[in-house]
Structure formats: structure tokens, C-alpha cells
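Hi,

Here is the structure I promised to pass on. Have a look first, then read my notes below.

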Amino acid sequence: MRLHTLAVTATAVVAAVLTPADLTAGTAAAAPAGLRGDFNGDGYADLAVGMPKATVDGHAKAGYVNVIWGGADGLGTAGSARVSQSTTGVPGTAEAGDLFGTAVSAADLNGDGYSDLAVTSPGERLTDTGTDQEGTATVVWGSASGFQGGLTAAKGAGDQRLGRLLTTGDFDRDGHRDLVLSTEGEEGGATVLRRGPFTTGSATDTSRVEGYAFGSARALVTGDFDGDGGDDLAVTYKGMEIAGTHVLSKASGEWKRTWTTGDFGGAMATGDFDGDGTADLAIGQVQPNPETDGTFCEDRLGGAVAVVYGKRDTTLGGTVACTTQSSPYVPGTAEPEDNFGGALATGDLDLDGRDELVVGVSHEAIGTEADAGAYLWLAAGPDGSMTGVGFNQNSTDVAGTAEAGDLFGAAVATGDYNGDRYPDMAIGAPGENAGSGGVWFDASRDEGTQPPVTAVTPARLGLSGAVEHGGVLAR
């Protein structure tokens with residue numbers, strides 16, 4: 001397992017192709033690799049970065065998605081594509097306040113071997129009158145020549161603001177991937193299902209999964225939490241008088257809760273951290289439900305991550321481990337408002353058969369620089385406790401300088417962006433360069449000299465008008 005020098009201190013309905021400029025260095029001629037996140041099938045995972053607050057064609061907060069192509073040298077060397085509702089072939093029209101790019105996900109939604117881009121616009125208004133923000137979800141097709149057309153996958157109703165959250169999976173076990181999205185209204189939100197398949201002319205309606213009175217879902221993640229070989233949905237939510245996290249299964253045809261806790265959080269991720277072949281669930285920024293007794297993490301100063309381990313023949317029936325920056329062998333010092341666990345991702349970074357947990361600490365103070373941010377990657381020990389290493393922009397071989405308000409670690413993702421089989425890390429810093437933002441590429445490997453962590457900024461990519469680049473990353 002690799003080590004770094006540490007320096008964490010306390011502290012479109014049609015099949016139209018995008019413009020040639022958008023496809024620079026992003027084309028491929030071979031058969032699709034089937035790699036998750038590989039939109040053009042060249043064998044490298046690509047990274048979709050949502051910028052919902054960006055201006056498009058003069059429309060403030062219309063939003064767009066910047067897709068950074070992977071390549072032999074990782075992210076930032078093979079160019080990128082810009083996808084918006086002004087892109088030829090992408091349905092809809094870029095309008096002020098659409099917030100296109102609020103949530104993004106990479107998944108093969110039509111079974112052709114290429115990952116497709118699912119993206120939401122919760123600010124979308126579907127009528128010319130009134131003030132309701134119904135919201136939409138859009139699918140843009142991946143192909144050997146980059147992105148090629150798409151469709152409107154789902155539409156909200158009333159003032160639902162469909163799509164602040166998004167996850168994909170085959171929840172109804174029919175062989176087609178589905179979307180689960182969040183909605184938010186004045187009297188509470190809900191999670192809804194848009195069943196696959198996704199084909200031109202298919203219905204855009206959704207069905208309700210469950211609701212949250214005077215509250216909303218905080219995070220969604222897909223995993224096989226009961227070990228039956230199918231996808232389940234994990235939801236963490238908070239309302240005025242309700243809160244919790246639970247797993248839902250649709251294997252029987254109806255949604256059923258198969259595991260629940262009163263604790264809730266702000267981020268979730270799933271992986272097999274102990275290598276026992278069962279899915280584990282990490283809940284970041286975990287908090288107790290004040291209406292119930294007990295909690296996974298009594299010590300939550302600066303933020304905590306609860307890892308609920310899986311166990312064969314059960315749904316998340318194993319032990320629970322709580323990690324903070326006060327835990328042994330976890331870098332940094334727990335301080336109020338650090339936001340430890342505010343962003344989570346997983347991957348088997350050293351290919352040892354066990355997943356590691358990547359943790360963002362976006363409000364970590366580095367020296368005197370408040371909210372500069374950091375990230376850690378943690379591995380589970382024999383007892384399930386998590387330990388690891390951490391980095392910030394003042395760490396050796398990490399590009400840039402830690403500055404106040406960078407929010408380094410506000411979003412994290414993993415993927416094999418350089419094609420060497422090892423999942424790499426992508427770290428978002430939406431506050432970098434006065435809010436223009438950027439993404440850092442950290443290549444993983446088990447042996448040899450570790451390459452520097454490089455900055456992939458809007459300026460490097462030739463993007464104009466970038467806003468908080470790195471704040472939304474597809475996982």
C-alpha cells in the first residue's frame with residue numbers, strides 16, 4: 001500500500017454529434033471497453049463535472065457538465081467536452097435557473113457497452129407561466145465518437161424540483177437500469193423511480209418510492225446490501241420530526257425496507273472494506289435522530305463517518321465502526337465545522353481485494369487558512385476500524401497551495417482514469433481561484449514511485465465561465 005509524505009495540519013432526442021471542438025482528444029474507434037465511466041469506449045474512465053451555477057449563452061445558472069476525458073496520463077491531458085442544453089442533440093433549452101448539472105451519474109443505460117451521462121436540472125420550468133420548478137432528468141448517450149444525442153428521461157410535476165439527488169441501478173431486476181431521483185416540495189420531499197429502458201419516446205413519468213414529511217433525502221447510493229445479486233437503494237434523510245437511514249429492496253415487486261437506523265448523514269458510499277464479499281455502507285457526517293435512543297458515533301466533533309459492515313445472509317448485519325479525526329492513525333485534528341465525511345467515494349486503490357474509503361474534509365483549516373480543505377483515504381483494519389493517510393494542497397507533490405476558501409475535498413470520486421487497472425482519485429476544489437474551481441488527479445498504484453497529484457483547472461482545460469468546477473463529480 002502506497003504512502004505519501006503527510007502535511008495535514010489541524011487546523012438530445014436526436015442522434016446529433018457534439019461539435020468537433022467538444023470532441024477534441026475524446027474520440028475512440030475500438031469496441032467499447034464496458035468500463036464504468038468510459039463514455040467513449042477507449043478503455044479509460046472519464047470524469048463528469050457538474051456546474052449548475054454556470055452561465056450558458058448568457059443565461060445565468062443555466063448550467064453545464066464538463067466531461068474530462070481519461071487517457072494514458074490520466075485526467076487533464078486528453079481534453080474535455082462541454083455538455084449543456086445548448087449542445088446540439090441534447091434535449092431542452094438552456095434557460096436561466098435550470099441548474100443543469102446539479103447531479104450527474106455515469107452508467108450504461110442502453111446496454112451498448114458505453115457509459116452514458118445522466119444529469120439533472122431541478123430548476124427546470126416546463127411551462128411558460130407560473131413559478132413552479134418541476135425539474136427534469138436527461139440522458140446523453142456515450143459512443144465511440146463521444147456524446148451523441150440524448151433524451152429527456154424524467155419530468156417532475158408541480159414544484160417538485162426533481163433531481164437534486166440521483167443514483168442508477170436495476171432496482172426492479174428486469175435487466176434494464178433505472179434512475180432513482182429526489183424531489184423537494186414545501187411540505188416535504190420524496191424519492192421516485194424512473195424505470196428503464198431508456199428509449200426515444202419512452203414515458204417520462206416516475207413512481208414514488210417513499211416520502212419524507214417536511215424534509216428530504218440527503219444522499220442516495222446503490223448497492224447489493226442483502227447479497228442476493230440485485231441492486232438495492234440506500235437513502236439517508238432528515239425532516240422536521242423524522243430522520244434516519246435505511247435500505248430498500250424492490251426484489252419482491254414492491255419497495256420494502258430491509259434495514260434501518262435512526263442515524264442520518266450528509267453523504268454515503270458503499271464498498272467491501274473488509275474483503276468478505278459483502279457490501280458495507282459508509283455514512284458521512286453522521287448525526288443521531290433526536291427522537292431515538294443511541295447513535296453510531298457519540299464523538300462527532302468536526303464530523304464523523306460510520307461504516308456499517310455487511311454480513312452474509314443478512315442486510316448490513318455486521319459490526320459498526322465510527323471514524324473521526326480523533327480516531328487513532330487518522331490524520332488531522334478534529335475541530336468544529338471541519339466537514340469530515342461531507343464527501344465520500346470508494347475503490348480498491350491498491351488491488352488487494354478490499355475497498356478503501358476516500359473522505360473529503362472540505363472545511364479543514366490548513367495552518368491559518370480557513371476552509372482550505374483536505375482529503376484522506378482510509379482502509380479497514382482487522383477490527384473494522386479505519387486508518388490511513390491524508391493530503392492537502394500543502395502536501396509534498398500535491399499541486400497548488402492551500403488557501404482560505406478553496407474547499408479542497410468538497411467532492412471526491414474514483415475511477416481508472418489512466419487505464420492501469422488501479423482506481424485513481426479525483427478531488428474537487430470548487431472554491432479554488434476565486435470560485436472558478438478545479439479537480440485534482442491522484443493516480444493510484446501499489447508499487448513504484450508515486451506520481452505527483454496534478455491540478456486540472458478550467459484554465460488548463462480552456463473552459464470559460466466556469467463556476468465552482470469540482471463541486472459536483474460523477475461517481
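A quick definition before the pocket: on a 1 Å grid over the protein atoms alone, a pocket is an open set of points with protein on both sides within 12 Å along at least five of seven lines, and its lining residues have an atom within 4 Å of a point. This is a predicted model, where local features need pLDDT of at least 70 and side-chain atom pairs count only at pLDDT 80 or more, while totals for chains, interfaces and linings use all residues. Residues are numbered from 1 along each chain as its sequence is written, and side-chain values use heavy atoms, leaving out hydrogens and water.

The second largest pocket is lined by Glu95, Ala96, Gly97, Asp98, Gly123, Glu124, Arg125, Leu126, Thr127, Asp128 and Gln133. It holds about 200 Å³ of space (the volume filled by probe spheres of 1.4 Å set on the points). Its lining counts 2 nonpolar, 4 polar and 5 charged residues, with Ala and Leu taken as nonpolar, Asp, Glu and Arg as charged, and Gly among the polar ones.

Now the sheets. Strands here are DSSP runs of E with at least two residues, numbered from the N terminus, and two of them pair if DSSP finds at least two bridges between them. β12 meets β13 (residues 232–239) over 8 antiparallel bridges, and Ser216 has Lys238 in β13 as its bridge partner.

Another open sheet of 4 strands runs β24-β25-β26-β27, also paired antiparallel. Here β24 (411–415) and β27 (454–456) are the edge strands. β26 (residues 439–442) pairs with β27 over 3 bridges, and Trp440 stands opposite Ala455 in β27.

Last, how many disulfides (cysteine sulfur pairs within 2.5 Å) turn up in the whole structure? The search finds 1: Cys297 and Cys322, with sulfur atoms 2.1 Å apart. The link is right-handed, at 130 degrees about the S-S bond. Cys297 sits in the loop between β17 (280–284) and β18 (305–308) and Cys322 in β19 (residues 320–323), so the pair ties together parts 25 residues apart in sequence. Cys297 is buried at 0% relative accessible area, whereas Cys322 is partly exposed at 30% (buried is under 20%, exposed over 50%, partly exposed in between, with a 1.4 Å probe and protein chains only).

Cheers

Methods. A disulfide is a pair of cysteine sulfur atoms within 2.5 Å.
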